[in-house]
Amino acid sequence: MRQFAVIGSGPAGFYTAEALAKSYGDTARIDLIDALPVPYGLIRFGVAPDHQSIKAVSRRYDQVAEGEAVRFVGNVRVGENVSIAELGELYDAVILATGAPNDRKLGIPGEELPGVIGSAAFVGWYNGHPDFADLDPPLDGEAAAVIGNGNVALDVARILSKTRKEFAGSDIVGHALDALDMSAIRTISFVGRRGPHQIAMTPKELGELGHLEAAEPVVDVADFPPLEADAALEPGQRKSITHLRDFAARDPAGKAKRIVFDFFARPVAIEGDGRAERLVVERTALDGAGQSVGTGETYVIPANLIISSIGYATPPIAGVPYDDRGGKFANDGGRIGDGLYCVGWARRGPSGTIGTNRPDGYEVAAQIAGAMPPGSDGGKAGAAGLDALLGERRARPTSFADWRTIEAAETAAARPDAPREKLVRHEDWLKVLGR
Ligand code: NAP
């Protein structure tokens, strides 16, 4: 028998557990450990609440969690309840699927002012992550800025723009829905340090901005290169640019909110009297390699809420080699060292779709199966050893059956037009479990 611990129950963790279960059959046991009492990681806490069809992939993960070989162990934080070294003693292999939940820093003066928020925190707030339940983002000003031109920036701007009616069918948490409903924000500026051809927004998601009830995208035609230049783009990017060109060609519809694309603008400072009031940017141009270079000209974008959406990093774990530049664990094709592996964003860095994690997890599982063939025995204590250790420490792990109980409570508490009302705090989850 082989014993494996997968740390993190987001997409990368589930695909890896699935792959290990498939290749080992009944000759391995896999503990899928999560710091939170509930599973799904990015699916629950990252994917936008109005993108329910993407979240539906969790049903496939349920089959993995309910399989014979896999056990979900929630509410256990590695580094707090159990160390990596202890897991290394208990399991034949430990696979880190911890994602990239930390915001990268802008590294500019004023970043610490109230009103400047990383996208992980803002997304966590509207998706009901317990760490951000009390974020209380300032929505009382007329202007907000979202720094970055990626899909997370798009999610954030869209959520800031939608009406209560447009959230029907979503599982946005009640505290965010109510706060957004009262929002005074009328202008949301996307601040991109490069131009339209360099956006990292995908076409389907960008296209959604063209169909909002109370908000309209505003794009300046002067920011584009000549139309012929679009032919050199790869097809997906060309579709995105076609959306932008369409937005630029539209007459203003006079909607209440404007989503303004501010291209060629590099943030240099955030200023304000006790809170963010304006973002100072430097006008940029592209160099021969398509990178942004400052022109020396600066201007100001007013904003009381500034959300930086410039990418994420994996939190380091004591004793695990870390690649600072990449914001991920130092690894060779997913292998960190003897019996220690990483998958997903913790392996590759924060890019790619949810589906990218599947081949990633399968590849690392195949490496593990190569190193310790199915049917072999490592003599490790596995689940029984973990349970004994957690018992000594009075940790209170949750099972997948516990999650089903929480899920039923969330479904029962849903608004009439919502699939669930997420419980947001540790104590609420544990209360539903009678603890
Ligand atoms: P991303 O796609 O890497 O975009 C990051 C953006 O931040 C880029 O526009 C980048 O500009 C900009 N940026 C980086 N450093 C900056 C700085 N110091 N100052 C100003 N701008 C800076 O990252 P993401 O938006 O966090 O998304 C992460 C991954 O999740 C992506 O693969 C994304 O497609 C995926 N995702 C998908 C969906 C969906 O609905 N399909 C939703 C959310 C996320 P440069 O290009 O100039 O570096």
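A polar contact of 3.0 Å joins two side chains, those of Arg275 and Asp140. Start there. The model is a predicted one. Arg275 sits in the loop between strand 11 (265–271) and strand 12 (278–286). Its relative accessible area is 25%. Asp140 is one of several contacts. Setting aside neighbours within four places in sequence, Arg275 also touches Leu113, Pro114, Pro138 and Asn304. Now compare sequence with space. Arg275 and Leu305 are 30 residues apart in sequence. In space, their C-alpha atoms are 9.1 Å apart.

Step back to the whole chain. It is divided into domain 1 (2–101 + 313–432) and domain 2 (105–308). Domain 1 is written as two stretches of sequence, 2–101 and 313–432. The C-alpha centres of domain 1 and domain 2 lie 32 Å apart. Domain 1 gives 24 residues to the contact, and domain 2 gives 25 residues.

The ligand comes next. Which domains supply the shell around the ligand? Domain 1 and domain 2 each give at least three residues. Among helices, look at helix 7. Helix 7 gives the most to this shell, with three residues. There are 18 residues around the ligand. Asn149, Asn151, Arg193, Arg194 and Gly352 come nearest. By type, the shell divides into six nonpolar, eight polar and four charged residues.

Some atom pairs can be named. A polar side-chain atom of Arg194 lies 2.7 Å from an oxygen atom of the ligand. Glu205 also brings a polar side-chain atom, and this one lies 3.3 Å from a nitrogen atom of the ligand. Gly352 uses its backbone: an N or O atom there lies 2.8 Å from an oxygen atom of the ligand. How much of the ligand does the protein bury? Taken alone, the ligand exposes 920 Å², and the protein buries 76% of that.

Stay with helix 7 and follow the chain onward. Lys162 lies in the loop between helix 7 (151–161) and helix 8 (174–181). Is Lys162 buried or exposed? Its relative accessibility is 14%, so Lys162 counts as buried. The side chain of Lys162 has a polar partner. It makes a polar contact of 2.7 Å with the side chain of Asp50. Residues up to four places away in sequence aside, Lys162 touches Asp50, Phe167, Leu212 and Lys257.

At 5% relative accessibility, Arg44 counts as buried. Its side chain makes a polar contact of 2.7 Å with the side chain of Glu410. The list of contacts for Arg44 leaves out neighbours within four places in sequence. Among them are Val38, Pro39, Lys55 and Asn127. Trp403, Lys422, Leu423 and Trp429 belong to the list as well.

Tyr40 lies in the loop between strand 2 (28–33) and helix 2. Most residues other than glycine have a negative phi. Tyr40 has a positive value, with phi near 95°. What is the relative accessibility of Tyr40? At 5%, Tyr40 counts as buried.

Phe264 gives a second case. Its phi is positive, about 50°, although Phe264 is not a glycine. This residue is in the loop between strand 10 (257–262) and strand 11. Phe264 is buried, with a relative accessible area of 15%.

Where is Arg435? It sits in the segment after helix 15 (426–432). Arg435 is partly exposed, because its relative accessible area is 38%. Which side chain is its polar partner? The side chain of Asp402 makes a polar contact of 2.9 Å with that of Arg435. Beyond its neighbours within four places in sequence, Arg435 is also in contact with Arg396, Pro397, Thr398 and Leu430. Arg435 and Ser376 are 59 residues apart in sequence, and 39 Å apart in space from C-alpha to C-alpha.

Methods: Residues numbered from 1 in each chain as written. Predicted model: local features only at pLDDT ≥ 70, side-chain atom pairs only at ≥ 80, totals over all residues. Heavy atoms only, no water. Helix = DSSP H or I, 4+ residues; strand = E, 2+ residues; numbered from the N terminus. Buried < 20%, exposed > 50% of the residue type's maximum accessible area, 1.4 Å probe, protein only. Polar contact = N/O pair within 3.5 Å; in protein donor to acceptor, adjacent residues only side chain to side chain. Contact = heavy atoms within 4.5 Å. Near = heavy atom within 4 Å. Areas by Shrake-Rupley, 256 points an atom, 1.4 Å probe, with all protein chains shown as cover. Nonpolar A, V, L, I, M, F, W, Y, C, P; charged D, E, K, R; others polar. Domains from an automatic or database assignment.
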